[in-house]
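Thanks for coming. I will show the structure first and then talk through a few of its parts.

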There are 8 protein chains.
Amino acid sequence: MEVTWSIYLSGEIHSDWREEISEEIIAKHLAINILFPVTNHSASDNCGVHILGKEENTFWKDHKGAKLNLIRTKTLIETADIVIVKFGEKYRQWNAAFDAGYASALNKSIIVIHSNEHQHALKEVDASASAVAKDQHQVVKILKYLLDGSL
Amino acid sequence: MEVTWSIYLSGEIHSDWREEISEEIIAKHLAINILFPVTNHSASDNCGVHILGKEENTFWKDHKGAKLNLIRTKTLIETADIVIVKFGEKYRQWNAAFDAGYASALNKSIIVIHSNEHQHALKEVDASASAVAKDQHQVVKILKYLLDGSL
Amino acid sequence: MEVTWSIYLSGEIHSDWREEISEEIIAKHLAINILFPVTNHSASDNCGVHILGKEENTFWKDHKGAKLNLIRTKTLIETADIVIVKFGEKYRQWNAAFDAGYASALNKSIIVIHSNEHQHALKEVDASASAVAKDQHQVVKILKYLLDGSL
Amino acid sequence: MEVTWSIYLSGEIHSDWREEISEEIIAKHLAINILFPVTNHSASDNCGVHILGKEENTFWKDHKGAKLNLIRTKTLIETADIVIVKFGEKYRQWNAAFDAGYASALNKSIIVIHSNEHQHALKEVDASASAVAKDQHQVVKILKYLLDGSL
Amino acid sequence: MEVTWSIYLSGEIHSDWREEISEEIIAKHLAINILFPVTNHSASDNCGVHILGKEENTFWKDHKGAKLNLIRTKTLIETADIVIVKFGEKYRQWNAAFDAGYASALNKSIIVIHSNEHQHALKEVDASASAVAKDQHQVVKILKYLLDGSL
Amino acid sequence: MEVTWSIYLSGEIHSDWREEISEEIIAKHLAINILFPVTNHSASDNCGVHILGKEENTFWKDHKGAKLNLIRTKTLIETADIVIVKFGEKYRQWNAAFDAGYASALNKSIIVIHSNEHQHALKEVDASASAVAKDQHQVVKILKYLLDGSL
Amino acid sequence: MEVTWSIYLSGEIHSDWREEISEEIIAKHLAINILFPVTNHSASDNCGVHILGKEENTFWKDHKGAKLNLIRTKTLIETADIVIVKFGEKYRQWNAAFDAGYASALNKSIIVIHSNEHQHALKEVDASASAVAKDQHQVVKILKYLLDGSL
Amino acid sequence: MEVTWSIYLSGEIHSDWREEISEEIIAKHLAINILFPVTNHSASDNCGVHILGKEENTFWKDHKGAKLNLIRTKTLIETADIVIVKFGEKYRQWNAAFDAGYASALNKSIIVIHSNEHQHALKEVDASASAVAKDQHQVVKILKYLLDGSL
């Protein structure tokens, strides 16, 4: 069976959870192509006006930037087999929930990561997911199981 | 031109914004079919265990309920021409953002309602929308314009 | 909200469960269009050779009939918003599981009815469903809740 | 003509039929990518609770596991050109019929393997298939013919 | 069950087979919407140049007309649940086979009508069909069975 | 044959060509649902800022308005069976060509109206169309032919 | 620009036109993946019964074979960017027209090859094509132009 | 992250803007597959009659050529992740707007390049785009940001 799985890591950008998953995937020699958004927070916020010119109004500044970021998000979610969405503690992360909805309508498999604290508030997202994990380790265990069937 | 437009009103369920929009639509005689989720908060939270049997674990209680609610959400978003998503002040409303992502992947037109306070946090959702309105009155004005071309 | 929901009742044809659901739906005045396969067992088995000519070989006799029945199945599942699949006690009912898989790939909402006895054997079907009901009454309660939000 | 065909081997996991097909494909030097579910029965049953945490209730234990397995099933069926489904003697194998229905709605070509005993019960599945084979050898002969046109 | 089935009658335009089917459908009170191409042979051949202006070259004359006729064909096949294709004796009727291929790719159910004489030449079309009928009476019997389950 | 055809009239908004087509359709009693964009030029240009608030920058003023107009355009083109696109003399009408491309990717039938002068410049649009008409009368003749087969 | 185009050569199997196209493509060093059906006439006719067992009835013999051949046809047409369909002199070749219709509904580009003699009978197929060629040389010239822009 | 992005460069063919973008992409070592139409104006205009035979009528000459060019356009836009459309000063370039509409309906990300002069006339195209750039340098900056997140 020669299949390279692609995963897209959506959500929280203020912790190093993507690196954790990537390192474990490499350590376990899993044939997985890891996709992710631009995670440089400052670049992500300013890309629109930096490249396409200043805006007086914050709304349009954010609009220009968010539209550029959506090119990457949309293209890579469509490429991915599994979309992994992590909800962190601090922010509202509506874009993470947006990505989950987008992936769901495309019939992608979704794995959600969140702490117990947000369980009730995330119930609709969880109900669309194939798995709800507590942390990154569980996610990599799932990926390993999906690839080689070992627990 | 005989077209009946269908709109789906997603998001906040703790205020009467859906009634406001419905009343204005009726007052203006607009041929619009108004769709919405179950807005009885208690019924929405308990439907799963009430109908299908108790659960010890909160996660599964919410899971059973959220899955029932998703039947309605999914079916009606697919029926709608325009999905209107309101983000209120109090809650995280990840399900509203999820609905917006779902609608976006289905290539539905989206109108977002939120206050200035959440502008930056909602920039990805706004960037996928056809309009960002400040309140319900603006939404009905848009609908009226779309139907009869009058401002 | 003017929506007529369509449901397709797939599976067991040796009990009167479809009539039970229909009668409850009528009694509760729910605006639901009820779709179902041909449930006359003998007609369903013989339609192919009866209309299109005899076959020596049982395989081709069944083939001709099953292909006619699939016209109805496919068309009505595509029309339905919700596919309700009942697994009974007696038969293997692979066609019920086939219908569930077909509906799942079309992104239809699925409600499964089965007894506890088959729980393990049906776990993949259940995992694709929006609800797993014990009997017809639970199904109608779900439908009522989806339509008017009342429990 | 450079085409690598992909086949997905669905169904019975209690015999070594997948190995038989794989060995014949290798022996005949056919350019076929062979895809299949996790066939370690115990791992397949326990993956959910093993990775994501224990469940008191058998239903939810099976639910968690089946959802993980569905990630692999769905992704690989979508990748496959041909879905080969074997119905064995012992079990009800509703998941095999579910996979066939899923593949059919995606317009994949299906080859079914079953003994005469189940012919009548499987008539709807057979009617959706491109071929009904008696054993693994016939399947490999079909694959060889499809690839190089030789009988 | 309130369903209005739509059928499209493709193929031979030199006999009155469409009238035969229509009359039987009316006589049997079947709720079927009957769709068909323009069957006035002369109008069908000349529509392009008649409306859009003369052409010296026969190829372009035919091209203009065939493109107009394809608007109707495409739209009505997409509307139909079942496409019924009759191959007559006299002409090559490549457009009938084209319609069958078009309908097949759209996953429509197909019923073919032809005499034994063309059985071998039509084997690929037959293999994509849900039924191969000998005449119009068989077709109407199938339709009646699909609608009310009676033989 | 009960079919109501829907047509969308895209393009030039500075002449009364839509009224001409509508009047002829009514005069000929054709069962056609006529769809069209907002044709009040001033409302069309100002809707965004009028409803959603002023903009300093012309680009964003136009952006807000164009996005509202696209809700109507997209929804109605998806509803239409035939998209009729008229290119007039005066303006560049890139939005007319955009609509034609949008309709083409959705596999809608397209009828183009333009004078000889623009024939070379419009060759790619014409090549995607089912018919290229000289004026509104030819379009209505096509519609009449499509509906009742008469020339 | 690194693109490998795929073409599927459908239709006539009694002449060596596929070899002619292949040889010219190789001679001109065009990066084209050439796909085609099984062209061994005898194998194509007998594959079904040879592999899956004898049939008394010619209809079922042909049915079994045609269904196997359709696996290859369907899969490769879906893979192809361009479907080239040649209509020869001798046979009715309904399967060639069927393939053209199938490809058309999938929005593939089609190139037809036929002599003047069949021009009127093939007008609907031609009207769905991107080009109507007189012979194989014209087809290869088109392919060369599409790849490198040279005439 | 191993992703090769594909871009299609649509629009103006009278300047060397495609070369500018290509050279910058190579200079910055971006892993981008650059797709584009035939840009030899004379070949593009004459390909139809050159390969497939002369036409008296300019309309059919252009028709034959435009249909060949559409094979390339359609295939490559469907392959592309991002469609970049440049509107120049001189010509009406309806085909550029047509490509933008085609790409939009396929849910491709679009980047438009035009000068301020055409801002109002292009507002509908801009409203469907992810970015509106002033020149080629801005486009390459966007591409670089999308690939490696650097500004």
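I start with a definition: a salt bridge is a side-chain nitrogen of Lys or Arg within 4 Å of a carboxyl oxygen of Asp or Glu. By that rule, chain H and chain F have two salt bridges between them. In one pairing, the side chain of K123(F) meets that of D45(H) in a salt bridge, at 3.5 Å from N to O.

Some housekeeping. This is a predicted model, where local features need pLDDT of at least 70 and side-chain atom pairs count only at pLDDT 80 or more, while totals for chains, interfaces and linings use all residues. Residues are numbered from 1 along each chain as its sequence is written, chains are lettered from A and ligands numbered from 1 in the order in which they are written, and side-chain values use heavy atoms, with hydrogens and water left out.

Back to chain H and chain F. Contact here means heavy atoms within 4.5 Å. On that basis, 36 residues of chain H are in contact with 36 of chain F. What area is buried between chain H and chain F? The value is about 3300 Å², with carbon and sulfur atoms giving 66% of it. Buried area is the accessible area, taken with a 1.4 Å probe, that two parts lose on being put together, summed over both. R92(H), W94(H) and F98(H) supply 24% of what chain H buries against chain F, more than any other three residues.

Next, polar contacts. These are pairs of N or O atoms within 3.5 Å; within protein, one must be able to donate a hydrogen and the other to accept it, and residues adjacent in sequence count only if both atoms are side-chain atoms. Between chain H and chain F, eight residue pairs are in polar contact, both at pLDDT 80 or more. As for helices, α3 (58-79), α4 (94-105) and α5 (123-127) of chain H each supply at least two residues of the side that touches chain F. Helices are DSSP runs of H or I with at least four residues, strands are runs of E with at least two, and both are numbered from the N terminus. The largest share of that side of chain H, nine residues, comes from α4(H).

Now chain A and chain B. Here 36 residues of chain A are in contact with 36 residues of chain B. The two chains bury about 3300 Å² between them, 66% of it on carbon and sulfur atoms. R92(A), W94(A) and F98(A) supply 24% of the area that chain A buries against chain B, more than any other three residues. There are two salt bridges between chain A and chain B, and K123(A) and D45(B) meet in a salt bridge at 3.5 Å, N to O.

Which chains do not touch? Chain D and chain E do not, with their nearest C-alpha atoms 8 Å apart. No contact joins chain D and chain F either, and their closest C-alpha atoms lie 20 Å apart.

Last, one residue. K108(E) sits in the loop between α4 (94-105) and β4 (109-113) of chain E. K108(E) is buried yet has no salt bridge, and the nearest side chain of opposite charge, D81(E), is 5.8 Å away. Buried means under 20% relative accessible area, with a 1.4 Å probe and protein chains only; for charge, Lys and Arg count as positive and Asp and Glu as negative, with His and the chain ends not counted. A polar atom of the K108(E) side chain lies 2.8 Å from the backbone oxygen of A80(E).

Note on methods: Buried < 20%, exposed > 50% of the residue type's maximum accessible area, 1.4 Å probe, protein only.
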